[in-house]
Amino acid sequence: PVVEMGNSATQKLGKDDLEELQKQTHFDNKELKEIYKQFKKETPSGVIDKKEFRNVMKTMGFVDTFLQDLVFQVFDRNRDGLVSFREFVTALSAMTRGTPDEKLEFAFHMYDQDGDGAITKEELSSVMECFYKLVGPLISYSGKKYDSADQLVEEFFEYMDVNNDGKISLEEYKEGAMKNPDVIQGLKLFAD
């Protein structure tokens, strides 16, 4: 059976596409077909724009537009302002069933707001300020309390910015995170 997919209704998700998505995700053939069926039901155009994505996030309890936009940018890997089925299922897989490495990349891309491959203090600060507004004082899994988002950002950079260039690369982020039990515990928030 052929299933439609992609940015236009003329693209099909054939056997080869299904096999490729099975290799790229943690979903099997049956799950991919079911996710696709639901995706097409919710988005007949085959893509989700930022407004639609925000509405979906709202129904899931995420009402902060900044947070909605952060998650949208991780799903919209090619940054064309639309989330295709392929982008959707790949991000969903990483978020819900990904390896620690995949989840670290997901989180990294959420912090790296301009997509330049590095996290700056400003980017991390804006994300932490959002979390601070949502949940109040930030408390790490090891019990350390941060009275401000800036306090957490400074410590984060002290720990992860190994080459002291004022930004954190994906490699620095992964290396630092794997040594930090608080970051690893935080990844479990995305567990299925």
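Author: Side chains of opposite charge can pair when their charged atoms come close. Here Arg97 forms a salt bridge with Glu31, and the closest N and O atoms are 2.9 Å apart; the term stands for a side-chain nitrogen of Lys or Arg within 4 Å of a carboxyl oxygen of Asp or Glu. This pair links distant parts of the chain, since Arg97 belongs to helix 5 (residues 85–97) and Glu31 to helix 2 (residues 29–42), 66 residues apart. Helices (H or I, at least four residues) are DSSP runs, numbered from the N terminus.

Reader: What should I know about the model and its numbering before I go on?

Author: This is a predicted model, in which local features need pLDDT of at least 70 and side-chain atom pairs count only at pLDDT 80 or more, while totals for chains, interfaces and linings use all residues. Residues are numbered from 1 along each chain as its sequence is written, and side-chain values use heavy atoms, with hydrogens and water left out.

Reader: How many salt bridges does the structure hold?

Author: There are seven salt bridges, and among them is a network that links Asp17, Glu20 and Arg86.

Reader: Which side chains does Lys174 meet in salt bridges?

Author: Lys174 meets Asp101 at 3.1 Å, N to O. That pair joins distant parts of the chain, with Asp101 in helix 6 (residues 100–111) and Lys174 in helix 9 (residues 170–179), 73 residues apart. Lys174 also meets Glu105, at 2.8 Å from N to O, and this second pair again links helix 9 with helix 6, across 69 residues.

Reader: Is Lys174 buried or exposed?

Author: Buried means under 20% relative accessible area, exposed means over 50%, and partly exposed lies in between (1.4 Å probe, protein chains only). Lys174 has a relative accessible area of 18%, so Lys174 counts as buried.

Notes
Helices (H or I, at least four residues) and strands (E, at least two) are DSSP runs, numbered from the N terminus.
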